[in-house]
Every structure is written in C-alpha cells, then in structure tokens.
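Trainee: I am new to this one. Could you walk me through it, one question at a time?

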Amino acid sequence: MKKLILLLITTVLLVSCHDDTTEDRQETQYTQTIFMYLPWSGSNMTTPFRNNIKGLEDAITKMRGTPGRRVVVFMADSEQEASLTEIAYRNGRCIHDTLRKYSFAGNEFTTPAGIANILSDVKVFYDTPHYAMIIGSHGMAWVPKGTVVGNHTDMAKPHYENMVDEWKQTRFFGHSTDKTYQTDISDLSKALTLADIHADYILFDDCYMANIETAYELRNSTDMVIGSPTEIMLYGMPYDIMGKAVVGMDWKAVCSGFLSFYTNYQYPYGTISVIRCAELDNMAAIMRDINAAHSPNEEMLSEIQAYDGLKEHLFFDMHDYVEQLCHDDMSLYSRFTQSLEKLVIAKAATEAFYSVYNRSTTPIYTYSGISISDPSANKAASHKSETSWWRATH
C-alpha cells in the first residue's frame, strides 16, 4: 500500500511538472504578432479586404498554422463599426476568434491616439516580443491627407462604381477623396510610438507606398517597408500565394510570388519592393551631398521614369532620377548606387503599370523599386519641403 501511494504521488508530481512545462512552452512559443489593419476605406474596398483575409487564411491552412506567430485582424465594416479577431488554425482549418467589437463615435481611429489604442488592444490580448503590420487601404505615399491630386475626384464616379473592362480599378480609390477617413504617415509613426511598438515590418497593400519620403518617415518605427511604388490593382496582394513568405519574412520569395501572380492576372500590372530602413539615414546623407551639388531641370523631368499617370508627375524612379542628376559625377553616383543596393533588398515588377489617372498603362523601362518626389512640379508636391526626408536632404 505504501509503495502504491508513493507511486501515485510520484505520478501526480510528474504529470504536474509536465503540464507546467507545456504551459510554459505555450506562453513562450509566440514570438511575433502579425496585425492586419483594414480601416474604413469606402464600401468598394470591403469585398477586396475580405478576399485578402481569405487569401491569408488559405496560406495559413496550407502551412498548417503559423508556428511562433499569431495573426490578428482589425476590419472595419462601416465608418463606425469594426472588429478585432484572431485567425486561429484548429483541426485543419482557420477560424476567427473575436477579441473585441468597436463602435466609433467619429473618425477617432484615424488619429495617432486612436490607432495607438487599437494597437494597445492587440498588445493586451497578445503581448509578444515582436510585432508586424499589414495595412490595407488607399495610399498616396507621403502626400498630406486632404490633398487633391490630379482630377480623380471627377473620375471616381460613376465609372468606378460600374466597372467596365477599360476602367480597371486600383486601390488608390479607397477614401482618397474623403479626408475624414485618411491618416498621415507621420500619424501612423506617432501611433506606433505611443503604443510602444517597433514593427519588424510594415507591408502596405496600398498604392504608391514604396516611396523614399514615406519610408524615411517610418524609419524609427519599423525595420522594413514593403509596398508598391505604383498603383496596385484592387485585388491587392495575393496572400494565398505569398502569405507563407510574408509570415516567414522571406522577402525575395514575397516578391517572386507577387510577380508570378500579377504576370498571369487578367490585369497584368504590379510592382513591389522591400525597403530596409536601417540604410535610410546613410542614403539621406548621400542625397544631401547630391542635392548640394546638383539640381534637376525641366528637360530632365520628361526623361525620368515616372510611376503615375498624372500630367505633372508626382512620383519618379529614384535611381533613374539620381543617375540623370549625377550623369557627370561618378563619385556621388557610385556612393548612391552602393547605398541603394543595401536599401532596396528585394523587388519585382511587371513590364508596365496601370494608373487610373490616365486610364492607361505605362511601360517600365527601368525599375529601382523605390520612388521619390523631390523633382516633382505637381501642385500636390508643394508640401514636400515639410517632410522629414526633405529636411534631412536639403
């Protein structure tokens, strides 16, 4: 009997130790939370957003889960209603665990404090050592909210709501015409600071976000900026194809997956790149020397690869711009290209991009993966001297 009691006690102790170890493993195995942020961007974006979530779920199912990582989604169903859910993989399929429902009185979720509150909610539910963000909405790089660019306010309706083949939709028309639901890049950076989050990466599923002014504004908030220097089709990122690479932070595979999809898509237009923020300060120092020695001219602007369909271009290929600016200064040009190799660590592009501004395609004859607005004479660029990038380079 004594031996039996001793055996039972030993068994209980062993089971208890095993359970504690399992719990400890479960507590420590999650090292990163991937936060998919889909704020209100207009009713036309709701279906594409849901398709993006479905695409990510398909990738997670193929992977049989996301070891070491949690995936949390903020999805706005209207101007005032949103939810925070976790995509969890259980019993061979993805399910959504609702963490919180939101009911907003106004547009407070577009402010630094409002975004920080949502980020803080994510931290309350899942306090992991690392965080990453996927942001889906409209996008206009560094351009301040409320800025009218081109004549898109006249073009957005009615054609956009009744798409025909020649009217190809891009993600630019989220709520780019309603500043009530826009957020400046500087406000996103402030929100991350307020929430005490430094992201491993921010993937922008939006137009024009692979831009030097944008990346420089976010240099202290994230390690990597992934995005498109041109407009991106309404379909957005093909998460079912590139989701595994995004989760694993395999950036070359992300770009190759993106390209394989858009090369065969019904509208074969797409660009993507990965910008390494640690190189931004060095690039800014080099560009400061270049700007001190050289200035663009009007004739040059017509020769540089543009990334938009505007009559007066707002976004130019950064390498093409500097190459023409420094055509007789190989020393500065060499410093620039060496930095650019460290700055843009992966990229891919189709043979052309599409823009809703001219409802047309533009061939891509040179592609560095990052745009710049420095030489732009567009009225919308009148605020460029207020950016952190301009102050650091002029």
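Mentor: What follows is a set of questions and answers on this predicted model.

Trainee: How many helices and strands are there in the protein?

Mentor: Look at the secondary structure of the predicted model. The protein has both helices and strands, and the counts are 13 helices and 13 strands.

Trainee: What percentage of the 394 residues count as buried?

Mentor: A residue is buried when its relative accessible area is under 20%. Apply that to the 394 residues of the protein, and the buried share is 56%.

Trainee: What share of the contacts with a separation of 6 or more is between residues 24 or more positions apart?

Mentor: Start with the contacts in the protein that have a separation of 6 or more.

Trainee: Is α7 roughly parallel or antiparallel to α8?

Mentor: Helix α7 covers residues 239–247, and helix α8 covers residues 251–263. Their axes are 8 Å apart, and the packing angle is about 175 degrees. An angle over 145 degrees counts as roughly antiparallel. Therefore α7 and α8 are roughly antiparallel.

Trainee: Which residues of α7 meet α8?

Mentor: On the α8 side, the partners include Trp 251, Phe 258 and Phe 261. The residues of this contact divide into 9 nonpolar, 2 polar and no charged. From α7 come Ile 241, Met 242, Ala 245 and Val 246.

Trainee: How many disulfides does the structure hold?

Mentor: A disulfide is a covalent bond between the sulfur atoms of two cysteines. The sulfur atoms must lie within 2.5 Å to count. Cys 277 is buried at 5% relative accessibility, and Cys 326 is buried at 1%. The number of disulfides in the structure is 0.

Trainee: Are the rings of Tyr 265 and Tyr 267 stacked or edge-to-face?

Mentor: A ring pair is described by the distance of the centres and the angle of the planes. The count of aromatic pairs comes to 19. For Tyr 265 and Tyr 267 the centres are 6.0 Å apart and the planes stand at 85 degrees, so the pair is edge-to-face.

Trainee: Which residues form one aromatic cluster with Phe 35?

Mentor: The cluster holds Phe and Tyr residues. Along with Phe 35, its members are Tyr 37, Phe 74, Tyr 102, Phe 104 and Phe 109.

Trainee: What is phi of Asp 196 near?

Mentor: Most residues other than glycine have a negative phi. Asp 196 sits in the loop between α5 and β6. It is exposed, with a relative accessible area of 64%. Its phi is positive, near 55 degrees.

Trainee: Is Tyr 208 buried or exposed?

Mentor: Tyr 208 lies in the loop between β6 and α6. It is not a glycine, yet its phi is positive, about 65 degrees. Its relative accessibility is 0%, so Tyr 208 is buried.

Trainee: Which residues does Lys 101 touch, not counting those up to four places away in sequence?

Mentor: Lys 101 is part of strand β4. It is exposed, with a relative accessible area of 61%. Leaving out residues up to four places away in sequence, Lys 101 touches Ala 82 and Ser 83.

Trainee: How far apart in space are Thr 387 and Val 143, C-alpha to C-alpha?

Mentor: Thr 387 is in the loop between β13 and α13. At 10% relative accessibility, it counts as buried. Thr 387 and Val 143 are 244 residues apart in sequence, and their C-alpha distance is 9.2 Å.

Trainee: What separates the C-alpha atoms of Ser 360 and Gly 309?

Mentor: Ser 360 belongs to strand β12 and is partly exposed at 28% relative accessibility. It touches Phe 353, Tyr 354 and Ser 355, not counting residues up to four places away in sequence. Ser 360 and Gly 309 are 51 residues apart along the chain, and their C-alpha atoms are separated by 7.4 Å.

Terms used:
Residues are numbered from 1 along each chain as its sequence is written. This is a predicted model: local features need pLDDT of at least 70, side-chain atom pairs count only at pLDDT 80 or more; totals for chains, interfaces and linings use all residues. Side-chain values use heavy atoms; hydrogens and water are left out. Axes are lines fitted to C-alpha atoms, for helices over the stretch in contact, and angles run from 0 to 180 degrees between N-to-C directions. Helices (H or I, at least four residues) and strands (E, at least two) are DSSP runs, numbered from the N terminus. Angles under 35 degrees count as roughly parallel, over 145 as roughly antiparallel, 65 to 115 as roughly perpendicular and the rest as oblique. Contact means heavy atoms within 4.5 Å. Ala, Val, Leu, Ile, Met, Phe, Trp, Tyr, Cys and Pro count as nonpolar, Asp, Glu, Lys and Arg as charged, and the others, Gly among them, as polar. Buried means under 20% relative accessible area, exposed over 50%, partly exposed in between (1.4 Å probe, protein chains only). Rings of Phe, Tyr and Trp (its six-membered ring) pair if their centres lie within 6.5 Å; planes under 30 degrees apart count as stacked, over 60 as edge-to-face and the rest as tilted.
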